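This report covers a helix pair and a sheet. The structure is shown first, and the description follows.

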Amino acid sequence: MFLASVAMVIGVFSIINRVGGYSGKPSSSVMAQTTVVQTSTPAETSSTQPTTVKKVSEKPQKNTTQPTTQSGKNYPVIEKQFLQDGITYENFSVKNSTDFTLDVEKELNSPLGFKIDKNHRVQVLIFHTHCCESYLKDDTGYYPSDYYPRSTKNSENVTSVGDEIENQLKSAGIGVIHDKTKHDYPSYNGSYDRSLETIQKYMDKYENIKVVLDIHRDALGEGGESGKVKPVFKYKGKKAAQIMIMTGYNYEGGGYFPFWEENLRFALRLQKTAEDMYPGLTRPMEFGEYTYNLNVCNGSLLIEVGTDANTLDEAKRAGKMVGKALAKVLQNN
């Protein structure tokens, strides 16, 4: 009963963190903790693209770097490796919150709705609806009370993770463009509307785009004395952030989403390939009743890389792995 209550509380705060970008400032210091329960959902929604999370407003972000603590108070970073949860298939799992009866094996072995051509034309678009989502600088086991996990500096935010994915795709000979428009700055509200405009602009300009990736940074935990959750695993002795792949569903009243099942197949294939190559890299895949601009094409995914409790190095290391796994999926399709 206690764990169920804790799970419910953290689930609520996960939604708040993803929608608002951060939780309120805590009030007292505590020592590091070691356990937590898991859940997550993505960020702020668009009035154009139907979702299940209501839009909330957030004040414009004034700080462009992570400030050093003035109060001297520190709060715990809780390391957790998320394991299988939901529907388990071989070495990975899927959390299905839709009314669709998911046959993982059938979907995994069904053809994707696209093929990557063997040329250097732009076929992959990487972008960030919430470009300013950032990470901790150092792995200390705590974060300062005035930690502000957003930055307009690309060297500190999630675009650095996108760079790692981009580099691996280019190394594999796959044409890619990485957009770094700050759709969430100076105003966070309406980010998905603005990122949709960016997607449409590139798809109009590059008719060969077949894969569209929205790369985010997640946020888990209540913050303050309860701490922030850091999804992490080790590969070859080094810590890397865990990722969460998300794909949507054409639920009743959800609007236009004709190729959700092809996106689902793409997500499953990437999930399995990532786990085959880097055991522990993925959190359970999320298959839910939302859109988040995933209905733009039949090769569209949203990927959360770590949380605001991971370090930038951990997130970039995971981004490199995602890029390698993605290249393998695309080349073998």
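## Helix pair and sheet

Helix α3 (residues 159–171) packs against helix α6 (residues 312–332) at an angle of about 30°, and their axes are 7 Å apart. Axes are lines fitted to C-alpha atoms, for helices over the stretch in contact, with angles from 0 to 180 degrees between N-to-C directions. Helices (H or I, at least four residues) and strands (E, at least two) are DSSP runs numbered from the N terminus. The model is predicted: local features need pLDDT of at least 70, side-chain atom pairs count only at pLDDT 80 or more, and totals for chains, interfaces and linings use all residues. Residues are numbered from 1 along each chain as its sequence is written, and side-chain values use heavy atoms, with hydrogens and water left out.

On the α3 side, the contact (heavy atoms within 4.5 Å) includes Ser160, Val161 and Glu164. On the α6 side, Leu312, Ala315 and Lys316 are among the residues involved.

An open sheet of 4 strands has mixed pairing and the order β5-β1-β8-β9. Two strands pair if DSSP finds at least two bridges between them. From one strand to the next, the twist averages 45°. The edge strands, each pairing on one side only, are tabulated here.

| Edge strand | Residues |
|---|---|
| β5 | 142–144 |
| β9 | 238–241 |

Strand β1 (residues 74–80) pairs with β5 in the antiparallel sense over 3 bridges. Asn74 stands opposite Pro144 in β5.

Helix α6 also lies across β8 (228–235) and β9, running at about 75° to β9.
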